[in-house]
Amino acid sequence: MLNKKIEDICNRQIEREGYSSNLYLAMASWAETSGYGGIAGWLYAQAEEERVHMLKFFRYLNERGGKAIMPALKKPASDYKSVEQVFEEVLKHEQFITGSINEIVALALQEKDYNTHNFLQWFVTEQDEEEASVRNIIDKLRLVGKNNMYIFDRDIESLRKKGTADQSAT
Ligand code: FEO
């Protein structure tokens with residue numbers, strides 16, 4: 001049986017992963033309607049991944065005798081100034097999520113909940129990968145001028161992770 005503190009903090013993470021999914025969907029819509037089909041594809045795929053992260057917490061809580069709660073999610077911004085702003089915000093958000101995962105890891109250790117600690121290791125690795133992938137995109141972005149944005153957009157399309165269930169988004 002899960003302890004209440006762990007259940008509550010995992011439910012907090014459900015809200016944060018759900019918001020991440022909606023945030024990337026909102027960004028995808030901005031990108032798609034601004035002519036950046038490749039970037040939109042990357043963001044749609046990210047949105048799907050975040051939903052999967054949320055579901056992992058859902059299933060974990062319920063399997064361990066807790067209860068996953070689907071919260072109301074706040075509305076993300078629907079307009080962005082530039083592609084640069086979008087990716088800077090993605091990085092900032094992922095850093096926030098990494099901090100959030102680390103807080104759960106710390107609590108799991110404090111509460112001697114080694115099952116939850118074990119469950120979280122996948123997320124620790126995933127956050128490393130996600131931050132590295134967004135930093136890579138921001139580095140590329142700094143190398144392209146406005147005139148090369150079309151090529152950049154195609155390039156990002158090819159960066160999408162393989163096997164992501166984003167067929168509905170393309
Ligand atoms: Fe699920 Fe990108 O944090």
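**Exercise 1.** Does D139 count as buried, partly exposed or exposed in this predicted model, and what is its relative accessibility?

*Solution.* The relative accessibility of D139 is 45%. Buried means under 20% and exposed means over 50%, with partly exposed in between, and therefore D139 counts as partly exposed.

**Exercise 2.** Find which residues are linked with D139 in a network of salt bridges, and describe each contact in the network.

*Solution.* Next, follow R142 to E88, with which R142 forms a salt bridge whose closest N and O atoms are 3.3 Å apart. This second pair links distant parts of the chain, since E88 lies in helix α3 (residues 83-110) and R142 in helix α4 (residues 114-143), 54 residues apart. The network therefore consists of E88, D139 and R142. As for accessibility, R142 is exposed at 60%, whereas E88 is partly exposed at 36%.

**Exercise 3.** Work out how K4 and D8 are placed relative to each other in helix α1, and how exposed each residue is.

*Solution.* The two residues stand four apart in helix α1 (residues 4-33), which means that about one helical turn separates them. K4 counts as exposed, with 55% relative accessibility, while D8, at 38%, is partly exposed.

Notes:
Residues numbered from 1 in each chain as written. Predicted model: local features only at pLDDT ≥ 70, side-chain atom pairs only at ≥ 80, totals over all residues. Heavy atoms only, no water. Buried < 20%, exposed > 50% of the residue type's maximum accessible area, 1.4 Å probe, protein only. Salt bridge = Lys/Arg side-chain N within 4 Å of Asp/Glu carboxyl O.
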